[in-house]
Amino acid sequence: MNELYKELKKYGSVKANIDLSKYSTLKIGGKAAFLIEVQKEALLNELLTFLTGEGIRFFILGGGSNILFSDEDFDGVVIKIAISQIEVVDDFIEAWAGAPLALVLNTAVKNGLTGLEWAAGIPGTLGGAIRGNAGAMGQSMKDCIQKVFIWSDGEIKEFSNEKCVFGYRESVFKKETEKVIIKAVLNLKKGEKQDILQQISQNLLSRKKYSSLPSAGSFFKNIPLQNWPGNKIELPELFVVRKMIPAGWLIENCGLKGFKIGGAGVSQEHGNFLVNFGDATYDQFLQLVEKIQKKVYDKYGVELEPEVQIGFPK
């Protein structure tokens, strides 16, 4: 253990036996053997190569806003990419995976670039947003990504938008975790700063006021209209127009707002926000997820799929 600690210090700032609940917006998690913050590209590449070569488990931690950690301890290395450099050239923004999504949006606004307004109010890092193809207001990362640079098998490789295999809250990086997102180039458009700010303001107003309790944001994926087994005529017109049935609407219609199992429960403000009412455990959240899925399936015949990472990434 001491030898590994000494080795890791070559690549960045290292902490041992860290409490992962402090790095999760849900405030749940066991301990990790090591957490390392890396601030240089070359050192990040060397670290990933070293860990892979030694067969040491690791995962990349973004903002901790879209993950439900296990209460069990993680015997590997948690890596935070502490590089948030952002460059703007014409209509393109090149940003590191560790850059907060909010900072990328602010950079776009300052430079009069439109196409990211939907990201207003979404927490986390750019890398996490790309991995989960984060989105809102009918738009997502897929719509503005030109290319992504990844680390894989000791090399930096370039992935086009198509090669990222973006889907609804999905990408190749979510399925093939050995591919580590390093940075990305976003292709935006010139716009009027006043119009961009107005759109951001409208987007923020249209978002519901969510609970201040610890949560992971929207927990379940919405249901594409094409997968709806019921009569589409009975759905609210907005769902048909957007071709998506909100998971929160389904959960609320099952009477689950405020429902709790231990300290884990459904927010009173929004059905798709699962919150930590206090001292919630990983197992309680798993029970809550199962209960919600069963209730929704029994009433509507659709299976809710979590968009939040459950447990430690493989």
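Student: Why are D298 and K294 both called exposed?

Tutor: Exposed means over 50% relative accessible area, buried under 20%, and partly exposed in between (1.4 Å probe, protein chains only); both D298 and K294 land in the exposed class. Mind you, this is a predicted model, where local features need pLDDT of at least 70, side-chain atom pairs count only at pLDDT 80 or more, and totals for chains, interfaces and linings use all residues. Residues are numbered from 1 along each chain as its sequence is written, and side-chain values use heavy atoms, leaving out hydrogens and water.

Student: What makes D298 and K294 a salt bridge?

Tutor: The definition wants a Lys or Arg side-chain nitrogen within 4 Å of an Asp or Glu carboxyl oxygen. Here N to O is 2.8 Å, so the pair qualifies under that cut-off. Both sit in helix α9, four residues apart, about one turn of the helix (helices are DSSP runs of H or I, at least four residues, and strands are E runs of at least two, numbered from the N terminus).

Student: How do you know which class K221 belongs to, buried or exposed?

Tutor: K221 has a relative accessible area of 6%, so it counts as buried. Its salt-bridge partner E305, with closest N and O atoms 3.1 Å apart, is at 42% and therefore partly exposed.

Student: And what makes R57 and D75 a link between separate parts?

Tutor: Their closest N and O atoms are 3.2 Å apart. R57 is in the loop between α2 and β3, D75 in strand β5, so the pair ties together parts 18 residues apart in sequence.
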